[in-house]
Amino acid sequence: MAPKEPLVISDKDEMRKWSRAMRSQGKVIGLVPTMGYLHEGHLSLVREAHKHTNVVAVSIYVNPGQFSPTEDLSTYPSDFEGDIQKLMSVPGGVDVVFHPHNLYDYGFDTKKGDFVAGEGDGVVSCIEQSALGHETWVRVEKLEKGLCGKSRPVFFRGVATIVTKLFNIVEPDVAVFGKKDYQQWRVIQRMALSISKSLLRAQSIAKDGQVHCEKLRNLVIQCITEAGGRVDYAEIVDQESLEKVEEIKNPVVFCVAAWFGKVRLIDNMEINL
């Protein structure tokens with residue numbers, strides 16, 4: 001049987017359209033984010049993704065947001081064709097490779113026609129500049145301090161921001177990350193799971209006897225806020241009518257939407273006492 005050649009998508013809207021088409025067919029979508037130049041570690045993540053999903057997407061994007069102006073982005077190794085061949089060697093292959101050209105709003109120097117690095121004494125990445133361009137970042141402030149954060153102060157906000165962007169575009173059900181960079185893994189976990197973890201905690205407390213919805217709502221809002229999010233809504237509603245309830249007497253669903261930077265994430269948790 002010939003190796004499976006993945007569909008390559010570079011457009012954000014096309015990527016989102018593909019994911020939603022898969023979900024409409026009842027598929028569980030997996031995502032393995034990478035910066036390319038793949039090795040066995042990446043391929044092991046693809047194999048792991050196959051265990052939990054029906055279709056697998058791999059993103060290949062060298063993220064300028066995690067490089068400072070003093071770091072040479074152009075020296076980062078790249079072998080896109082080689083990456084495709086390696087992905088095809090994995091049993092089951094991958095269904096799609098998301099290979100965008102740019103995921104940031106660059107500011108442009110009208111004279112040079114190019115972006116300019118940030119000025120002043122603040123911490124900047126290689127995509128920032130003084131007047132225009134990308135300004136919104138997702139931060140996991142406590143976890144990004146120390147270790148690699150001491151010498152690379154923009155790195156983890158760049159990672160959290162690009163992963164949030166990828167989640168918003170690909171809309172995966174499952175995302176698989178390695179632990180080689182343990183601090184990075186923890187930053188992503190904290191950012192990505194802040195809503196889900198707060199809902200699981202609310203579900204557990206409700207099953208222990210706390211049925212007053214306002215207290216559960218406040219708990220979830222506090223958890224999301226502490227993780228750097230801004231709650232759009234957090235409501236407990238009847239599973240059938242979707243009408244708001246004040247006390248849990250029948251099966252309900254806790255629905256949450258929150259903003260992390262400019263990205264809006266949603267989640268829900270059914271509570272059946």
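**Which residues have the most contacts inside the largest nonpolar core?** They are Met15, Trp18, Phe98 and Leu103, in a core of 24 residues. A nonpolar core is a set of buried Ala, Val, Leu, Ile, Met, Phe, Trp, Tyr and Cys residues joined through side-chain atoms within 4.5 Å. Buried means under 20% relative accessible area (1.4 Å probe, protein chains only). Helix 5 gives the largest share of this core, nine residues. The model is predicted: local features need pLDDT of at least 70, side-chain atom pairs count only at pLDDT 80 or more, and totals for chains, interfaces and linings use all residues. Numbering starts from 1 along each chain as its sequence is written, and side-chain values use heavy atoms, without hydrogens and water.

**Close-up of Phe98 and Ser59.** Contact means heavy atoms within 4.5 Å. Beyond four places in sequence, Phe98 is in contact with residues including Met15, Ser59, Leu103 and Leu166. Ser59 lies in strand 3; strands (E, at least two residues) and helices (H or I, at least four) are DSSP runs, numbered from the N terminus. Ser59 counts as buried because its relative accessibility is 1%.

**Close-up of helix 1 and helix 5.** Helix 1 (residues 12-24) packs on helix 5 (residues 155-170) at about 55°, with axes 7 Å apart. Axes are lines fitted to C-alpha atoms over the stretch in contact, and angles run from 0 to 180 degrees between N-to-C directions. Helix 1 is therefore oblique to helix 5; oblique angles are those left after under 35 degrees (roughly parallel), over 145 (roughly antiparallel) and 65 to 115 (roughly perpendicular). Lys12, Met15, Arg16 and Ser19 of helix 1 meet Asn168, Ile169 and Val170 of helix 5.

Methods: Buried means under 20% relative accessible area, exposed over 50%, partly exposed in between (1.4 Å probe, protein chains only).
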